[in-house]
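Hi,

Here is the structure I promised to pass on.

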Amino acid sequence: MSSATAPHRVSAAPSLAVTLENTPEAAAVARDVAGDFLKGLGPPPDRDAFDAIVLIVSELVTNAVRHTLTRTCTLSLAAAPGTVTVAVSDASPRPPCERSPDVRGEGGGFGWPMVRRLAVSTSVETSAQGKTVTAVVARQGRRSA
């Protein structure tokens, strides 16, 4: 099982990168890492932004585990004064694809649209070595803004 912790207190431009094994536990580990990282920010994101960031982390890591045949993925977090950037990299060059959500709950299809709705911006960079999916989230949630 993968594990990592964020520093307790971080500087004005903190960042963190952790490599996770693509196992069923990876999303839970990633949520814990993200939560620790966000709590260490001064000031931390508000509750809406905190929840959105942790949800995006969970979704992007889950997608890397579920939709790629790679052994690991890398979660990167970086904080700026008004945003937190979440990036998940893996060795598959196949980008996320839009598909019709399965309302029966068997096939997914809800995650990528949700990530795009919660983030200020999203991007996907692909190369022969794989891809990085990035979401930038405002540190102040929509209800607080």
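Let's start with helix H1 (residues 26-39), which lies across E1, strand E2 (72-79) and E3, running at about 165° to E1. Helices (H or I, at least four residues) and strands (E, at least two) are DSSP runs, numbered from the N terminus. Angles run from 0 to 180 degrees between N-to-C directions, and axes are lines fitted to C-alpha atoms, for helices over the stretch in contact. Helix H3 also packs on the sheet, where H3 touches E4 and E5 (contact means heavy atoms within 4.5 Å). The direction of H3 makes about 125° with that of E4.

Before going on, a word on the source: this is a predicted model, in which local features need pLDDT of at least 70 and side-chain atom pairs count only at pLDDT 80 or more, while totals for chains, interfaces and linings use all residues. Residues are numbered from 1 along each chain as its sequence is written, and side-chain values use heavy atoms, with hydrogens and water left out.

Now the sheet. It is open, has 5 strands in the order E1-E2-E3-E5-E4, and its pairing is antiparallel. Two strands pair if DSSP finds at least two bridges between them. Strands E1 (15-21) and E4 (121-127) stand at the edges with a single partner strand each, so one side of each has no neighbour in the sheet. On average, neighbouring strands are turned by 15° against each other, direction ignored.

Strand E3 (residues 83-90) pairs with strand E5 (residues 130-138) in the antiparallel sense over 8 bridges; Ser89 stands opposite Thr132, and Thr83 opposite Ala138. E4 pairs with E5 over 7 bridges, also in the antiparallel sense, and Thr126 has Lys131 in E5 as its bridge partner. E4 and E5 form a hairpin with 2 residues between them.

Last, the helix pair. Helix H2 (residues 47-67) and helix H3 (residues 111-118) pack at an angle of about 150°, with their axes 10 Å apart. H2 and H3 are therefore roughly antiparallel to each other (angles over 145 degrees). Ala52, Leu55, Ile56, Glu59 and Leu60 in H2 meet Gly111, Trp112, Met114, Val115 and Leu118 in H3. The residues of this contact divide into 8 nonpolar, 1 polar and 1 charged. Here Ala, Val, Leu, Ile, Met, Phe, Trp, Tyr, Cys and Pro count as nonpolar, Asp, Glu, Lys and Arg as charged, and the others, Gly among them, as polar.

Cheers

Methods
Parallel < 35°, antiparallel > 145°, perpendicular 65-115°, else oblique.
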